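Let us walk through this structure step by step. Keep the sequence and the 3D view open side by side.

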Amino acid sequence: MKEPEEALAAARRAAAGTEQDDDGVSWTLEDPTLSSGQLMQWAILAPDEARVYSTRRMGKPITLVKRALVRMLRQYLNEVNAQQSRFNALVAAHVMRLEQRVDELERRAAEQDHPSR
Amino acid sequence: MRVSQVLCAAGPVDAVTNQAFAWRRKFDGWGWSGADYAARLAPRFRSAELKDLGELAPAADEVVLVHYSGYAAGLDRVAASTERMLLLSHNITPSRYFWATDPVTAGVCELGREQLAQLGMRAGAAAGVSEFNARELEALSGRPAQAIPVLFEPAPIPRDAVAQDGPPAVLFVGRLAPHKRQDLVIAAFARYRRTAPGAQLTLVGSPATEEFGAWLRELADRLAPGAVRFETEISGARLASHYAWADVFLCLSEHEGFCIPLLEAFHSGVPVLARGAGAITEVVGDAGIVLGAGDDAATAAEAVRLVVEDGELRAELRARGARRLEHYDAGRAAEQLRAAITELAA
C-alpha cells in the first residue's frame with residue numbers, strides 16, 4: 001500500500017471489526033460543566049505551603065527561607081486571604097443567585113410559550 | 001528600523017518564546033535594532049534577553065511585533081501608545097480544556113480571546129501563524145488578517161542521532177496538556193501494543209500542571225505498563241534522537257494553533273499520523289494520515305500498525321513530508337514578515 005488515503009481507509013475497515021476499549025478515554029473531550037460547589041470551593045482561598053519552594057537546582061535552603069517568611073507573615077497573609085475570600089464568596093453567591101433567576105425566568109417564558117404543558 | 005517584540009508569556013521550552021528569539025536573530029541579521037519584552041515569565045525561566053513589558057515605551061517610528069498567545073496585563077497600554085503594532089496571533093487554546101485542571105490558565109485563555117479581539121481592532125496590521133489563526137483573528141476583530149507562517153529553522157540532524165533497530169517506537173512531542181490529548185495517544189498506543197508487544201511510546205513535553213502530568217503517568221501505567229516514557233525539558237540533541245528512533249509521530253491533539261513538532265517530524269523523516277483538528281489539517285496537508293472527527297482510538301491504533309509494518313507507505317509519507325516542508329521554507333516566512341513590518345513602518 002502506498003497512498004496514505006488508502007491506508008486510512010484500510011485502518012478504518014480494520015478498526016470497524018474490533019471492540020471498543022473500556023479505558024475511559026473518549027475521542028472528544030466533553031465540555032466541563034462547572035458546578036456551583038466547585039465555584040464556591042475556588043472562592044475560598046486555601047493556599048498550600050508545600051507550593052512555596054525554590055525552582056533552583058540547589059534550592060533547598062531557599063525553600064526553607066521562603067517557608068519561614070510565609071510563617072512569619074502568616075497573620076498578615078491570613079487577613080489578605082480572608083478579605084479576598086469574602087469578596088470571592090460574595091461574587092460566587094451572586095452568580096449563583098443570578099443563575100437561579102435565569103432558570104426561573106426561562107421556566108416562566110417556556111410556560112407562556114406553551115401554556116398547555 | 002527598530003522593532004520591539006512582545007511576548008504574553010515566556011518560558012524555556014515555549015514555542016512562541018523560541019519563535020521570538022529566532023525572529024530577533026533574523027532582525028539582527030537585517031540590521032534592525034530593538035528589544036524583546038515579556039508580560040510574564042515561567043517560574044524557572046530567567047533570560048537576559050527579555051525585559052519586563054512595563055519598560056516598553058515605543059518610539060514614534062518603532063514597530064511593535066506582538067506575539068499573542070494569551071491575556072497579558074499591560075498590552076492594552078502598549079497598543080494605545082503606538083499605531084505601528086503588528087499583531088501576530090499564535091492562537092489561544094479554548095478555555096474549556098483548562099477549567100477542570102488549571103483554572104488560572106483557563107481564565108487567561110478566556111480573557112485572552114476578548115483582548116485579542118480588542119487588539120485586532122486597534123493594530124496597524126494583523127496576522128496569524130496559520131490560516132486557521134488568521135481566520136479566527138478576522139472573526140474576532142472584524143478586520144483582515146494575513147497568514148505569516150512560523151519561522152522554521154531546523155537544526156541539522158546530529159550524526160549520532162541515527163535510527164536504531166529495535167522495537168517499534170511511537171512519538172509525540174508537545175506540552176502535557178488536556179487539549180493535546182496525550183491520554184488518547186496512550187490509549188491508541190495501548191491498543192496498537194497488543195499487536196506489537198515490545199513497542200514503546202515516548203511523550204516529550206513538560207506538564208501544564210503537576211496533577212495533570214501525574215494523571216497521565218497513572219493512565220500509562222494502567223493501559224501500557226512499562227511501555228511509555230515521559231521526557232521533559234530535554235536537549236535539542238536528545239530530541240533529535242527521539243525523532244531519529246521514531247517509526248511514527250502520533251498527534252491526536254483536539255486543538256492546535258500550528259504544532260511545530262509536525263514540521264520537526266517531517267524534517268526528521270518520521271511518518272506523521274495526526275488528527276485533523278485546529279490548524280493540523282492545514283499544516284500536514286497531504287503529507288500525513290489525517291484522522292477525522294468520526295474516527296477513534298482503534299482506527300488510530302490500526303493506522304499506527306500500518307505505518308510501522310508497511311515500508312512502501314512509510315517511504316511515501318517520508319517523501320510527502322519532505323515536500324511539505326518546502327511550503328514552510330524559512331526564507332519565505334522571513335520575507336513575508338519583513339514585508340509586513342516594512343509596510344507598517346512606512
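Two strands pair if DSSP finds at least two bridges between them. Helices (H or I, at least four residues) and strands (E, at least two) are DSSP runs, numbered from the N terminus. Residues are numbered from 1 along each chain as its sequence is written, while chains are lettered from A and ligands numbered from 1 in the order in which they are written. This is a predicted model, in which local features need pLDDT of at least 70, side-chain atom pairs count only at pLDDT 80 or more, and totals for chains, interfaces and linings use all residues.

Begin with chain B as a whole. Chain B holds twelve helices and 13 strands. Its radius of gyration is 20 Å, close to the 20 Å that the globule rule gives for 346 residues, so chain B is as compact as a globular protein of that length. That radius is taken over C-alpha atoms, and the rule is 2.2 Å times the number of residues to the power 0.38. The C-alpha trace of chain B spans about 65 × 40 × 40 Å along its principal axes. Of the 346 residues in chain B, 52% are buried. A residue is buried if 20 or more other C-beta atoms lie within 10 Å of its own, exposed if 12 or fewer, and partly exposed in between, with C-beta atoms placed from the backbone.

Now find the sheet. Seven strands of chain B form an open sheet, paired in parallel, in the order E3-E2-E1-E4-E5-E6-E7. Strand E3 (50-52) and strand E7 (146-147) of chain B are at the edges with a single partner strand each, so one side of each has no neighbour in the sheet.

Follow strand E6 (residues 125-128) of chain B. Two bridges join it to E7(B), and the two run parallel. Here Ala127(B) has Gln146(B) in E7(B) as its bridge partner. E5(B) and E6(B) also run parallel, joined by four bridges. On this side, Leu88(B) has Ala127(B) as its bridge partner. Which way do the residues of E6(B) point? Ala125(B) and Ala127(B) point one way, Ala126(B) and Gly128(B) the other, and all are buried.

Next comes a helix. Helix H4 (residues 131-141) of chain B lies across strand E5 (85-89), E6 and E7 of chain B, at about 135 degrees to E6(B). Axes are lines fitted to C-alpha atoms, for helices over the stretch in contact, and angles run from 0 to 180 degrees between N-to-C directions. Ala134(B) is found in H4 of chain B. It counts as buried because it has 21 C-beta neighbours inside 10 Å. Leaving aside neighbours within four places in sequence, Ala134(B) is in contact with residues including Ala127(B), Gly128(B) and Gln146(B). Contact means that the C-beta atoms of two residues, placed from the backbone, lie within 7 Å.

H4(B) also meets another helix. The axes of helix H3 (residues 103-122) of chain B and H4(B) come within 8 Å and cross at roughly 80 degrees. H3(B) and H4(B) are therefore roughly perpendicular to each other, a label for angles of 65 to 115 degrees. Among the residues that meet are Leu116(B) in H3(B) and Leu137(B) in H4(B).

Finally, turn to chain A. In all, 28 residues of chain B are in contact with 23 residues of chain A. H10(B) gives the most to the side of chain B that touches chain A, with six residues.

How values were computed. Parallel < 35°, antiparallel > 145°, perpendicular 65-115°, else oblique.
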